[in-house]
Amino acid sequence: MRLAAFLAFLLTSLALLGEARADKLRDLVEVRGARENQLVGYGVVTGLDGTGDDVSAPLASQSMLSMLRRLGVQANARQLRLKNVAAVMVTATIPAFAKPGTKLDVTVSSIGNAKSIRGGVLIQTLLKGADRKTYAVAQGSLLIGGFQASGKSGSGQKNGVTNTGRIPEGAIVEREIPTKFTRRGAVQLSLRTPSFTMAARIAEALDRELGTGSAAALDGGTVEVKVPSDQAKNPVGLIAKIHAIDVTPERKARVVIDERTQTIVAGGDVRLSPVAVVHGGLTIVVKEQPKVSQPVAPLGTTGTTTVVPQSKVEVEEKTSSMQYLSGAATLSDLAGVLGTLGLNARELISVLQALRSAGALEAEVVVQ
């Protein structure tokens, strides 16, 4: 009885572990046709405290002159000497199924030589799509995260630049983008990370949930699902059911290396085959010690003081010995094995790339 109870507990634990690793299908795929779109527009920010564009960047003044004339104010270009106005670009992302009246967040960034747009107000700006049609209108007060202060001999800045800001819910959708996500009685799912293995797993999971023959993997990045006849006019319920299906994602053995920050991130499926490594360290130090040559009286009364360059080169080569690295079956084993080399991050990056070239590192190495 105890053995049976233990086996039941073990099987339950393994089932829970498998469920814990499974992801919802909504996190792995996107419904083709139901996608976001980018909007962009040109606008003017006013109300700045003398930190706007100057005369060398005339876009803001020209835009204000045109706006004033549209509002019935007869202004002359020579009369405009504005320092509290800045020309900006306004960007936003409109989600699928956004209806007129839906509010969007917008990002505002200066395109002139304004020092800061803190405290400014964006004047009504038309946001257009790639087809040059207006889909939203933006306006409102800017929120700037950082600050900047300057004096005659110095300046200070914190938390990023002050030439970029956001307006939460600053845009209102004026036109809906037509969305069609069913084609020939089927819904196509696009994998966010294309893979033949994942496409086959998703198709199998859909067949188990919806019935045999309901889904088919067209290629490594597309899975097609048939819409039942009773849901042809309203497939929203079918898509909601599809999004809730659990699928175990494919774990790729990958090592990501960021050479700028010397950061190394390795996945849990990385393996290391037995290999021998010799890492030699050669250090070359060049020191410049200029020497001043100065004439000494009475023989050097007609000479001039000169600077004579003097270089000192030191070369140090560390004695390296061959080290045998046994195979590593887990990520912790890999970290322990590579830790025995006593290398810094930059040297470890070179060793990882050499191990991948030698075929000893069973993983994809991505260098950023």
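Begin by selecting helix 4 (residues 236-243), whose buried residues are Leu238, Ile239 and Ile242. Because these residues cover an arc of only 95° around the axis, they sit on the same side of helix 4. The arc is that of the directions from the helix axis to the C-beta atoms. Buried means under 20% relative accessible area, exposed over 50%, and partly exposed in between (1.4 Å probe, protein chains only). Helices (H or I, at least four residues) and strands (E, at least two) are DSSP runs, numbered from the N terminus.

This is a predicted model, in which local features need pLDDT of at least 70, side-chain atom pairs count only at pLDDT 80 or more, and totals for chains, interfaces and linings use all residues. Residues are numbered from 1 along each chain as its sequence is written, and side-chain values use heavy atoms, with hydrogens and water left out.

Next, go to strand 5 (residues 103-110). Which of its side chains are buried? Leu104, Val106, Val108 and Ser110 point to one face and are buried.

Now show the partners of strand 5. Two strands pair if DSSP finds at least two bridges between them. Strand 4 (residues 85-94) pairs with strand 5 in the antiparallel sense, over 5 bridges; look for Val88 opposite Ser110 in strand 5. Strand 10 (residues 164-173) also runs antiparallel to strand 5, joined by 6 bridges. Here Leu104 stands opposite Ala171 in strand 10.

Stay in strand 10 and select Glu169, which lies there. Glu169 has a phi near 55°, a positive value in a residue other than glycine. Is Glu169 buried or exposed? It counts as exposed, because its relative accessibility is 52%.

Then move to the loop between strand 6 (121-128) and strand 7 (134-141), where Arg132 lies. Arg132 is not a glycine, yet its phi is positive, about 70°. With 73% relative accessibility, Arg132 counts as exposed.

Finally, colour by pLDDT, the predictor's confidence in each residue, from 0 to 100. The protein averages 78, and 72% of the residues score at least 70. Over residues 1-20 the pLDDT is below 50, and this stretch has 0 contacts (heavy atoms within 4.5 Å) in the model beyond near neighbours in sequence.
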